[in-house]
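Let's take a friendly walk through the pockets of this protein and the surroundings of its ligand. Keep the structure open as you read.

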Amino acid sequence: MPDTIWLDGRYLPASRAQVPVTTHAIHYGTCAFEGIRAYWDGSNLHVFRLGDHMARLMRSCSMYGMRPRFTAARMGEAVVGTIRRKRLKGPTYARPFCFVGDHGISLHVDGRARVRSAVMAFPMGRIFPEGGISARIVSRRKIPEEAVPVQAKMAGNYLNSIAATAEARAAGADEAILLDSRGMVSEAPGENIFVVRRGTASTPPIAASALDGITRDTVLELAAGAGIPCAVEDLPRSSLAMADEVFLTGTAAEITPVTRIDGRRVGSGRPGPVTRRMASLYDDAVHGRGAAREGWLTAVYP
Ligand SMILES: Cc1ncc(COP(=O)(O)O)c(C=O)c1O
(Lines give C-alpha, C1' and ligand atoms only; values in the text may rest on other atoms or scores of the structure.)
Protein backbone atom coordinates (compact mmCIF):
# COMPACT_ATOMS: atom_id res chain seq x y z
CA MET A 1 0.00 0.00 0.00
CA PRO A 2 1.79 3.17 -1.19
CA ASP A 3 0.36 5.49 1.51
CA THR A 4 0.76 3.22 4.57
CA ILE A 5 1.16 4.74 8.02
CA TRP A 6 1.64 2.66 11.16
CA LEU A 7 -0.48 3.95 14.05
CA ASP A 8 -0.74 2.30 17.46
CA GLY A 9 0.04 -1.20 16.16
CA ARG A 10 -1.85 -1.14 12.85
CA TYR A 11 -0.83 -0.40 9.28
CA LEU A 12 -3.42 2.02 7.88
CA PRO A 13 -3.93 4.04 4.72
CA ALA A 14 -2.84 7.64 5.43
CA SER A 15 -6.44 8.88 5.18
CA ARG A 16 -7.37 6.73 8.19
CA ALA A 17 -4.27 7.48 10.28
CA GLN A 18 -5.81 10.43 12.07
CA VAL A 19 -5.87 11.81 15.61
CA PRO A 20 -8.34 14.19 17.30
CA VAL A 21 -7.67 17.93 17.61
CA THR A 22 -7.72 17.44 21.39
CA THR A 23 -4.39 15.54 21.12
CA HIS A 24 -2.08 16.89 23.85
CA ALA A 25 0.97 16.91 21.55
CA ILE A 26 -0.71 19.43 19.21
CA HIS A 27 -1.13 21.86 22.08
CA TYR A 28 2.15 21.38 23.93
CA GLY A 29 4.65 19.64 21.64
CA THR A 30 4.69 16.49 23.78
CA CYS A 31 5.98 14.25 21.03
CA ALA A 32 9.27 12.34 21.00
CA PHE A 33 10.46 11.64 17.49
CA GLU A 34 13.29 10.26 15.39
CA GLY A 35 14.49 10.75 11.84
CA ILE A 36 16.04 7.65 10.30
CA ARG A 37 17.42 6.98 6.86
CA ALA A 38 17.51 3.84 4.76
CA TYR A 39 19.77 3.29 1.74
CA TRP A 40 19.67 0.93 -1.23
CA ASP A 41 22.91 -1.06 -1.61
CA GLY A 42 22.15 -2.50 -5.04
CA SER A 43 20.24 -5.53 -3.78
CA ASN A 44 18.41 -4.48 -0.60
CA LEU A 45 17.37 -1.43 1.39
CA HIS A 46 19.10 -1.06 4.76
CA VAL A 47 17.96 1.10 7.67
CA PHE A 48 20.97 2.84 9.22
CA ARG A 49 21.48 2.46 12.99
CA LEU A 50 17.85 1.52 13.62
CA GLY A 51 18.54 0.18 17.13
CA ASP A 52 20.34 3.36 18.19
CA HIS A 53 17.51 5.56 16.93
CA MET A 54 14.91 3.44 18.71
CA ALA A 55 16.91 3.54 21.94
CA ARG A 56 17.05 7.36 21.72
CA LEU A 57 13.29 7.50 21.06
CA MET A 58 12.61 5.51 24.23
CA ARG A 59 15.08 7.66 26.19
CA SER A 60 13.33 10.83 25.01
CA CYS A 61 9.99 9.43 26.23
CA SER A 62 11.40 8.39 29.57
CA MET A 63 12.90 11.86 30.19
CA TYR A 64 9.30 13.14 30.21
CA GLY A 65 7.83 10.18 32.07
CA MET A 66 5.99 9.09 28.92
CA ARG A 67 5.33 5.35 28.73
CA PRO A 68 4.79 4.16 25.15
CA ARG A 69 2.75 0.96 24.66
CA PHE A 70 5.32 -0.41 22.23
CA THR A 71 8.90 -1.42 22.93
CA ALA A 72 11.90 -0.15 20.98
CA ALA A 73 12.06 -3.49 19.16
CA ARG A 74 8.37 -3.32 18.20
CA MET A 75 8.73 0.27 16.97
CA GLY A 76 11.79 -0.80 14.97
CA GLU A 77 9.73 -3.54 13.33
CA ALA A 78 7.09 -0.93 12.51
CA VAL A 79 9.74 1.22 10.78
CA VAL A 80 10.86 -1.73 8.65
CA GLY A 81 7.24 -2.84 8.07
CA THR A 82 6.10 0.60 6.94
CA ILE A 83 8.98 0.96 4.49
CA ARG A 84 8.35 -2.55 3.20
CA ARG A 85 4.63 -2.00 2.72
CA LYS A 86 5.37 1.18 0.80
CA ARG A 87 7.84 -0.83 -1.32
CA LEU A 88 10.45 1.92 -1.04
CA LYS A 89 13.74 1.08 -2.74
CA GLY A 90 15.58 4.36 -3.05
CA PRO A 91 16.90 6.76 -0.40
CA THR A 92 14.26 6.76 2.32
CA TYR A 93 13.47 8.79 5.43
CA ALA A 94 11.43 7.28 8.25
CA ARG A 95 9.83 9.22 11.08
CA PRO A 96 8.78 7.15 14.12
CA PHE A 97 7.19 9.15 16.92
CA CYS A 98 5.50 8.72 20.28
CA PHE A 99 3.13 11.45 21.43
CA VAL A 100 0.73 12.23 24.23
CA GLY A 101 -2.83 11.68 23.00
CA ASP A 102 -5.92 12.83 24.86
CA HIS A 103 -4.77 14.20 28.21
CA GLY A 104 -6.94 17.26 28.66
CA ILE A 105 -5.08 20.54 28.97
CA SER A 106 -2.98 19.36 31.89
CA LEU A 107 0.71 20.19 32.05
CA HIS A 108 1.28 17.25 34.32
CA VAL A 109 2.53 14.47 32.07
CA ASP A 110 3.46 11.24 33.82
CA GLY A 111 3.13 7.50 33.29
CA ARG A 112 -0.66 7.80 33.29
CA ALA A 113 -0.79 9.94 30.14
CA ARG A 114 -1.97 8.07 27.04
CA VAL A 115 0.98 7.75 24.68
CA ARG A 116 0.27 7.02 21.03
CA SER A 117 2.86 5.81 18.54
CA ALA A 118 3.18 6.18 14.79
CA VAL A 119 5.60 5.68 11.91
CA MET A 120 5.63 7.32 8.52
CA ALA A 121 8.21 6.87 5.77
CA PHE A 122 8.83 8.48 2.40
CA PRO A 123 11.47 8.78 -0.33
CA MET A 124 14.02 11.49 0.43
CA GLY A 125 17.30 12.21 -1.33
CA ARG A 126 19.91 14.76 -0.26
CA ILE A 127 18.40 17.80 1.44
CA PHE A 128 21.50 20.02 0.98
CA PRO A 129 23.88 20.16 -1.99
CA GLU A 130 27.08 18.11 -1.74
CA GLY A 131 28.99 21.20 -2.87
CA GLY A 132 28.22 23.02 0.36
CA ILE A 133 25.89 25.59 1.87
CA SER A 134 26.06 28.99 3.48
CA ALA A 135 25.35 29.50 7.18
CA ARG A 136 24.57 32.37 9.47
CA ILE A 137 25.43 32.56 13.17
CA VAL A 138 22.01 33.60 14.44
CA SER A 139 21.14 35.73 17.45
CA ARG A 140 18.79 33.08 18.84
CA ARG A 141 20.57 30.88 21.37
CA LYS A 142 20.20 27.11 21.62
CA ILE A 143 17.72 26.21 24.38
CA PRO A 144 19.79 25.33 27.43
CA GLU A 145 19.64 22.24 29.59
CA GLU A 146 18.52 24.58 32.40
CA ALA A 147 15.24 25.10 30.50
CA VAL A 148 14.44 21.62 29.13
CA PRO A 149 16.17 18.24 28.84
CA VAL A 150 18.03 18.96 25.59
CA GLN A 151 18.81 15.29 24.94
CA ALA A 152 15.09 14.48 24.75
CA LYS A 153 14.34 14.85 21.04
CA MET A 154 10.91 16.44 21.55
CA ALA A 155 8.75 18.23 19.00
CA GLY A 156 8.40 21.26 21.30
CA ASN A 157 12.16 21.87 21.25
CA TYR A 158 12.02 22.45 17.51
CA LEU A 159 10.41 25.89 17.84
CA ASN A 160 13.95 26.95 18.74
CA SER A 161 15.17 25.41 15.45
CA ILE A 162 12.33 26.98 13.48
CA ALA A 163 13.02 30.46 14.88
CA ALA A 164 16.76 30.07 14.17
CA THR A 165 16.11 28.86 10.61
CA ALA A 166 13.79 31.80 9.93
CA GLU A 167 16.53 34.21 11.05
CA ALA A 168 19.17 32.52 8.86
CA ARG A 169 16.92 32.43 5.80
CA ALA A 170 15.87 36.07 6.27
CA ALA A 171 19.58 36.92 6.17
CA GLY A 172 19.96 35.01 2.90
CA ALA A 173 21.81 31.98 4.35
CA ASP A 174 20.88 28.35 3.82
CA GLU A 175 21.23 27.24 7.43
CA ALA A 176 21.61 28.60 10.95
CA ILE A 177 24.41 28.02 13.44
CA LEU A 178 23.33 28.45 17.06
CA LEU A 179 25.52 29.37 20.00
CA ASP A 180 24.70 28.05 23.45
CA SER A 181 23.70 30.25 26.38
CA ARG A 182 27.42 30.82 27.16
CA GLY A 183 28.18 31.96 23.62
CA MET A 184 29.98 28.74 22.65
CA VAL A 185 29.18 26.99 19.37
CA SER A 186 26.31 24.53 19.90
CA GLU A 187 24.87 23.13 16.68
CA ALA A 188 22.62 23.82 13.70
CA PRO A 189 18.79 23.61 13.86
CA GLY A 190 18.76 19.92 12.88
CA GLU A 191 22.45 19.01 12.64
CA ASN A 192 25.58 18.76 14.73
CA ILE A 193 28.60 20.78 13.67
CA PHE A 194 32.28 19.92 13.12
CA VAL A 195 35.00 22.54 12.79
CA VAL A 196 38.25 21.45 11.15
CA ARG A 197 41.51 23.24 11.91
CA ARG A 198 44.98 22.00 11.01
CA GLY A 199 43.58 18.55 10.19
CA THR A 200 41.67 17.99 13.47
CA ALA A 201 37.87 17.81 13.36
CA SER A 202 36.34 19.19 16.55
CA THR A 203 32.72 19.06 17.64
CA PRO A 204 31.07 20.66 20.69
CA PRO A 205 30.28 18.45 23.70
CA ILE A 206 26.68 17.73 24.67
CA ALA A 207 27.30 20.15 27.56
CA ALA A 208 27.08 22.86 24.85
CA SER A 209 23.38 21.91 24.45
CA ALA A 210 24.18 19.91 21.31
CA LEU A 211 22.13 16.79 20.60
CA ASP A 212 24.03 13.54 21.04
CA GLY A 213 23.64 12.94 17.31
CA ILE A 214 23.91 9.48 15.83
CA THR A 215 25.60 10.83 12.70
CA ARG A 216 28.04 12.77 14.92
CA ASP A 217 28.81 9.52 16.73
CA THR A 218 29.19 7.71 13.39
CA VAL A 219 31.64 10.37 12.17
CA LEU A 220 33.70 10.15 15.39
CA GLU A 221 33.87 6.38 15.07
CA LEU A 222 34.68 6.34 11.34
CA ALA A 223 37.30 9.05 11.82
CA ALA A 224 38.95 7.06 14.62
CA GLY A 225 39.08 4.01 12.34
CA ALA A 226 40.58 6.05 9.50
CA GLY A 227 43.15 7.81 11.68
CA ILE A 228 41.58 11.27 11.28
CA PRO A 229 42.18 13.25 14.48
CA CYS A 230 38.96 14.32 16.20
CA ALA A 231 38.14 16.15 19.41
CA VAL A 232 35.00 16.79 21.43
CA GLU A 233 35.59 20.21 22.92
CA ASP A 234 34.03 23.58 23.54
CA LEU A 235 34.40 25.82 20.51
CA PRO A 236 34.26 29.59 20.85
CA ARG A 237 32.48 31.58 18.15
CA SER A 238 35.84 32.70 16.77
CA SER A 239 36.72 29.06 15.94
CA LEU A 240 34.26 29.36 13.04
CA ALA A 241 36.13 32.36 11.61
CA MET A 242 39.46 30.52 12.01
CA ALA A 243 38.27 27.20 10.57
CA ASP A 244 39.83 25.55 7.52
CA GLU A 245 36.64 23.55 7.04
CA VAL A 246 33.21 23.30 8.65
CA PHE A 247 30.67 20.56 8.11
CA LEU A 248 27.29 19.59 9.52
CA THR A 249 26.18 16.07 10.39
CA GLY A 250 22.68 14.69 10.72
CA THR A 251 20.50 11.87 9.54
CA ALA A 252 18.63 14.17 7.15
CA ALA A 253 21.59 16.41 6.19
CA GLU A 254 24.12 13.53 6.16
CA ILE A 255 27.55 15.21 5.79
CA THR A 256 27.00 18.75 4.53
CA PRO A 257 29.94 21.09 3.94
CA VAL A 258 29.51 24.69 5.09
CA THR A 259 31.46 26.83 2.67
CA ARG A 260 30.37 30.33 3.76
CA ILE A 261 29.60 31.68 7.21
CA ASP A 262 28.14 35.16 7.68
CA GLY A 263 29.02 35.97 4.07
CA ARG A 264 32.70 35.02 4.41
CA ARG A 265 34.38 32.01 2.82
CA VAL A 266 35.29 29.09 5.07
CA GLY A 267 38.86 28.11 4.14
CA SER A 268 39.08 27.88 0.35
CA GLY A 269 35.30 28.31 0.00
CA ARG A 270 35.00 24.74 -1.24
CA PRO A 271 34.51 21.42 0.62
CA GLY A 272 37.91 20.62 2.14
CA PRO A 273 39.82 17.32 2.26
CA VAL A 274 38.66 16.23 5.74
CA THR A 275 35.01 16.97 4.92
CA ARG A 276 35.24 15.10 1.62
CA ARG A 277 36.95 12.13 3.25
CA MET A 278 34.29 11.99 6.00
CA ALA A 279 31.49 12.23 3.44
CA SER A 280 33.00 9.35 1.51
CA LEU A 281 33.50 7.18 4.62
CA TYR A 282 29.92 7.92 5.67
CA ASP A 283 28.55 7.08 2.23
CA ASP A 284 30.43 3.78 2.35
CA ALA A 285 29.12 2.98 5.84
CA VAL A 286 25.45 3.63 5.07
CA HIS A 287 25.69 1.59 1.88
CA GLY A 288 27.38 -1.33 3.63
CA ARG A 289 30.73 -0.80 1.93
CA GLY A 290 34.02 -0.84 3.79
CA ALA A 291 34.32 -2.18 7.31
CA ALA A 292 30.78 -3.19 8.32
CA ARG A 293 29.89 -2.21 11.89
CA GLU A 294 27.93 -4.75 13.88
CA GLY A 295 24.27 -3.73 14.12
CA TRP A 296 24.47 -0.62 11.95
CA LEU A 297 22.46 -1.98 9.01
CA THR A 298 19.01 -3.59 9.15
CA ALA A 299 17.77 -5.17 5.93
CA VAL A 300 14.22 -4.17 4.95
CA TYR A 301 13.41 -6.91 2.44
CA PRO A 302 13.72 -10.65 3.21
C1 LIG B 1 18.87 19.55 16.91
C2 LIG B 1 19.52 18.41 16.21
N3 LIG B 1 20.85 18.26 16.31
C4 LIG B 1 21.50 17.25 15.71
C5 LIG B 1 20.80 16.33 14.94
C6 LIG B 1 21.54 15.21 14.29
O7 LIG B 1 21.21 14.02 14.92
P8 LIG B 1 21.30 12.64 14.18
O9 LIG B 1 22.64 12.54 13.60
O10 LIG B 1 21.06 11.64 15.26
O11 LIG B 1 20.24 12.65 13.13
C12 LIG B 1 19.43 16.44 14.80
C13 LIG B 1 18.67 15.47 14.03
O14 LIG B 1 18.07 14.59 14.60
C15 LIG B 1 18.77 17.50 15.45
O16 LIG B 1 17.46 17.65 15.32
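## The second largest pocket

Three elements, β4 (36–40), β15 (254–261) and α7 (273–286), each contribute at least two residues to the lining of the second largest pocket. Among contributors, α7 gives the most, with six residues. Please bear in mind that what you are looking at is a predicted model.

The volume of the second largest pocket is about 290 Å³, and 18 residues line the space.

## The largest pocket

How much space lies in the largest pocket? The value is about 660 Å³. Its lining is made up of 37 residues, and those nearest the centre are Lys 153, Tyr 158, Pro 189, Gly 190 and Glu 191. Two or more lining residues come from each of β6 (92–100), α4 (158–170), β9 (175–179), α5 (214–226) and β14 (245–250). Here α4 gives the most, with five residues.

What does the lining of the largest pocket look like by class? There are 15 nonpolar, 12 polar and 10 charged residues. Once again both domains are involved: domain 1 (4–123) and domain 2 (133–286) each supply at least three residues of the lining of the largest pocket.

## Around the ligand

Now turn to the ligand, which is surrounded by 15 residues. Which of them are the closest? They are Tyr 158, Glu 187, Ile 214, Thr 215 and Thr 251.

For Tyr 158, a polar side-chain atom lies 2.4 Å from an oxygen atom of the ligand. The side chain of Thr 215 has an N or O atom 2.6 Å from a ligand oxygen, and for the side chain of Thr 251 the distance from an N or O atom to an oxygen atom of the ligand is 2.6 Å. Taken alone, the ligand exposes 380 Å², and the protein buries 94% of that area.

Conventions:
Residues are numbered from 1 along each chain as its sequence is written. This is a predicted model: local features need pLDDT of at least 70, side-chain atom pairs count only at pLDDT 80 or more; totals for chains, interfaces and linings use all residues. Side-chain values use heavy atoms; hydrogens and water are left out. On a 1 Å grid over the protein atoms alone, a cavity is a set of points where a 1.4 Å probe fits but cannot get out, and a pocket is an open set with protein on both sides within 12 Å along at least five of seven lines; lining residues have an atom within 4 Å of a point. Grid points are joined across faces, edges and corners, and a volume is the space filled by probe spheres set on the points. Helices (H or I, at least four residues) and strands (E, at least two) are DSSP runs, numbered from the N terminus. Ala, Val, Leu, Ile, Met, Phe, Trp, Tyr, Cys and Pro count as nonpolar, Asp, Glu, Lys and Arg as charged, and the others, Gly among them, as polar. Domain bounds come from an automatic or database domain assignment. A residue is near a molecule or strand if one of its heavy atoms lies within 4 Å of it. A polar contact is a pair of N or O atoms within 3.5 Å; within protein, one must be able to donate a hydrogen and the other to accept it, and residues adjacent in sequence count only if both atoms are side-chain atoms. Accessible areas come from the Shrake-Rupley method with a 1.4 Å probe; for residues, only the protein chains shown count as cover.
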